[in-house]
Amino acid sequence: DSEAEGALGSVSKLVVRPPGHSGKAKRGHLCFDAAFETGNLGRVDYIAEFEYDVFVRPDTCNPRFRASLNFCVDNAKQGQ
């Protein structure tokens with residue numbers, strides 16, 4: 001489950017579930033993680049079964065830029 005909801009830093013093992021789902025994550029409920037040195041994923045919103053909005057935090061040394069996407073996705077089901 002998510003340990004970083006509402007946090008200002010990068011997401012850490014954030015499980016994104018469809019609306020109406022709760023409890024243990026099922027296969028296909030994607031788990032996003034950016035809790036590493038270059039991780040910069042700030043927020044993830046579920047849009048549809050195969051669509052997510054991802055929000056990247058600005059670069060540390062220059063907040064005007066968002067030059068790279070550094071995060072991992074886990075728990076996908078085949079064909080997803």
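Which strands form the open sheet, in what order, and is the pairing parallel or antiparallel? Here are some notes to read alongside the model.

1. **What you are looking at.** This is a predicted model, in which local features need pLDDT of at least 70 and side-chain atom pairs count only at pLDDT 80 or more, while totals for chains, interfaces and linings use all residues. Residues are numbered from 1 along each chain as its sequence is written, and side-chain values use heavy atoms, with hydrogens and water left out.

2. **The open sheet.** Three strands make up this sheet, in the order β1-β2-β5, and the pairing is antiparallel. The edges are taken by β1 and β5, each with a single partner strand, so one side of each has no neighbour in the sheet. Strands here are DSSP runs of E with at least two residues, numbered from the N terminus, and two strands pair if DSSP finds at least two bridges between them. Between β1 and β2 (residues 31–33) there are two bridges in the antiparallel sense, and Leu14 stands opposite Phe32 of β2.

3. **The hairpin.** Strands β3 (residues 41–48) and β4 (residues 51–56) form a hairpin with two residues between them. Their antiparallel pairing runs over six bridges. Leu41 faces Val56 of β4 across this pairing. As a reminder, strands of a sheet pair through backbone hydrogen bonds, either parallel or antiparallel.

4. **The nonpolar core.** Which residues make up the largest nonpolar core? Nine residues do: Val11, Leu14, Val16, Leu30, Phe32, Ala34, Leu41, Val44 and Tyr52. A core in this sense is a set of buried Ala, Val, Leu, Ile, Met, Phe, Trp, Tyr and Cys residues joined through side-chain atoms within 4.5 Å. Buried means under 20% relative accessible area, exposed means over 50%, and partly exposed lies in between (1.4 Å probe, protein chains only). Ala34, one of the nine, is in contact with Ser10, Val11, Gly39, Asn40, Leu41, Asn70 and Phe71, leaving aside neighbours within four places in sequence. Contact means heavy atoms within 4.5 Å.

5. **Aromatic rings.** The count comes to three aromatic pairs. Rings of Phe, Tyr and Trp (its six-membered ring) pair if their centres lie within 6.5 Å; planes under 30 degrees apart count as stacked, over 60 as edge-to-face and the rest as tilted. Phe32 and Phe71 have ring centres 6.2 Å apart and planes at 45°, so this pair is tilted. Because Phe32 lies in strand β2 and Phe71 in the loop between β4 and β5, the pair ties together parts that are 39 residues apart in sequence. Phe32 is buried at 3% relative accessibility, whereas Phe71 is partly exposed at 24%. Phe32, Tyr46, Tyr52 and Phe71 form one aromatic cluster.

6. **A charge over a ring.** Arg43 lies over the face of Phe55, at 4.0 Å from the ring centre. The rule asks for NZ of Lys or CZ of Arg within 6 Å of the ring centre and within 35 degrees of the ring normal.

7. **The cysteines.** With a disulfide taken as a pair of cysteine sulfur atoms within 2.5 Å, the count comes to zero. Cys31 is buried, with a relative accessible area of 18%, and Cys72 is partly exposed at 43%.

8. His29 sits in the loop between β1 and β2 and is buried at 7% relative accessibility. Outside its four-place sequence neighbourhood, His29 is in contact with residues including Val15, Arg17, His21 and Asp74. Pro58 belongs to the loop between β4 and β5 (72–74) and is partly exposed at 31%. Pro58 touches Pro63, Phe65 and Arg66, not counting residues up to four places away in sequence. Pro58 and Asn40 are 18 residues apart in sequence, with C-alpha atoms 7.5 Å apart.

9. **Two backbone angles to check.** Lys13 has a positive phi of about 55° although it is not a glycine; Lys13 lies in the segment before β1 (14–15). Asn75, in the segment after β5, has a positive phi near 75°.

How values were computed:
Helices (H or I, at least four residues) and strands (E, at least two) are DSSP runs, numbered from the N terminus.
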